[in-house]
Amino acid sequence: MHSRSETSKVFELIASYPTVGTPAFHWFSGRPSEVAGGVALGAYFSVNYQMLQSKAGVAIARQIPLDRLLTESDAPFTKTDAPNDLAAQVRATEFRLAEILGHTAGQVISAISDNFRRLTTIGNA
């Protein structure tokens, strides 16, 4: 979901409907300090390579706990060197996240895989 310019209102709505599901924020554009509020609601946050090219995007990514992080391509809307290679876009995002967060690419890739698996099995166990 998006929360552009309405993060607090979206968080309030999520809190009002706790059984609606697990929120996943796509290209979160709130303030870095607002990430913690989403985490408290059980949210996940997806990032893409283009997002990680801005200071604001990097600041947000640094606030997302590794166990709440997902990747996305946002194709066809992002500008990359490989516009038709979604796997390459995601891999570039993973490597950039590793650089930003101070982890190895393997740690980031493993965490994102675990997060996706956990997110897609919530309520299905």
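## A threonine in helix α4

The backbone nitrogen of Tyr49 lies 3.0 Å from a polar atom of the Thr93 side chain, and the backbone oxygen of Gln89 is 2.9 Å from a polar atom of that side chain. Both are polar contacts, a term for a pair of N or O atoms within 3.5 Å, where within protein one must be able to donate a hydrogen and the other to accept it, and where residues adjacent in sequence count only if both atoms are side-chain atoms. This is a predicted model, in which local features need pLDDT of at least 70 and side-chain atom pairs count only at pLDDT 80 or more, while totals for chains, interfaces and linings use all residues. Residues are numbered from 1 along each chain as its sequence is written, and side-chain values use heavy atoms, with hydrogens and water left out.

Thr93 is found in helix α4, and it counts as buried because its relative accessible area is 0%; buried means under 20%, exposed over 50% and partly exposed in between, with a 1.4 Å probe and protein chains only. Setting aside residues up to four places away in sequence, Thr93 touches Val47, Asn48, Tyr49, Leu52, Thr71 and Glu72, where contact means heavy atoms within 4.5 Å.

## Glu72 and Trp27

Glu72 is found in the loop between β3 (69-71) and α4 (86-101), and it counts as buried because its relative accessibility is 9%. Apart from residues up to four places away in sequence, Glu72 touches His26, Trp27, Ser46, Val47, Asn48, Val90 and Thr93.

A polar atom of the Glu72 side chain lies 3.3 Å from the backbone nitrogen of Trp27. Trp27 itself lies in the loop between β1 and α2, and it is partly exposed because its relative accessible area is 25%. Most residues other than glycine have a negative phi, whereas Trp27, although not a glycine, has a positive phi of about 45 degrees.

## The overall chain

The protein chain has five helices and three strands, and read along the sequence they follow the pattern α-β-α-β-α-β-α-α. These elements are DSSP runs numbered from the N terminus, with helices (H or I) of at least four residues and strands (E) of at least two. Of the 125 residues in the protein chain, 36% are buried, and among contacts between residues at least 6 apart in sequence, 55% join residues at least 24 apart.

## The nonpolar core

The largest nonpolar core has 22 residues, of which Phe25, Phe28, Phe45, Val47, Ile64 and Leu97 touch the most other members. The elements that give two or more residues to this core are α1, β2 (44-47), α3 (55-63), α4 and α5 (105-121). Such a core is a set of buried Ala, Val, Leu, Ile, Met, Phe, Trp, Tyr and Cys residues joined through side-chain atoms within 4.5 Å.

Leaving aside neighbours within four places in sequence, Phe45 is in contact with Phe25, Phe28, Val35, Gly38, Val39, Ile64, Arg68, Leu69 and Leu70.

## Exposed positions

Ala40 is found in helix α2 (residues 35-40) and counts as exposed because its relative accessibility is 68%. Ala40 and Phe11 are 29 residues apart in sequence, and their C-alpha atoms are 9.8 Å apart in space.

Tyr17 is found in the loop between α1 (7-16) and β1 (24-26), and it counts as exposed because its relative accessibility is 54%.
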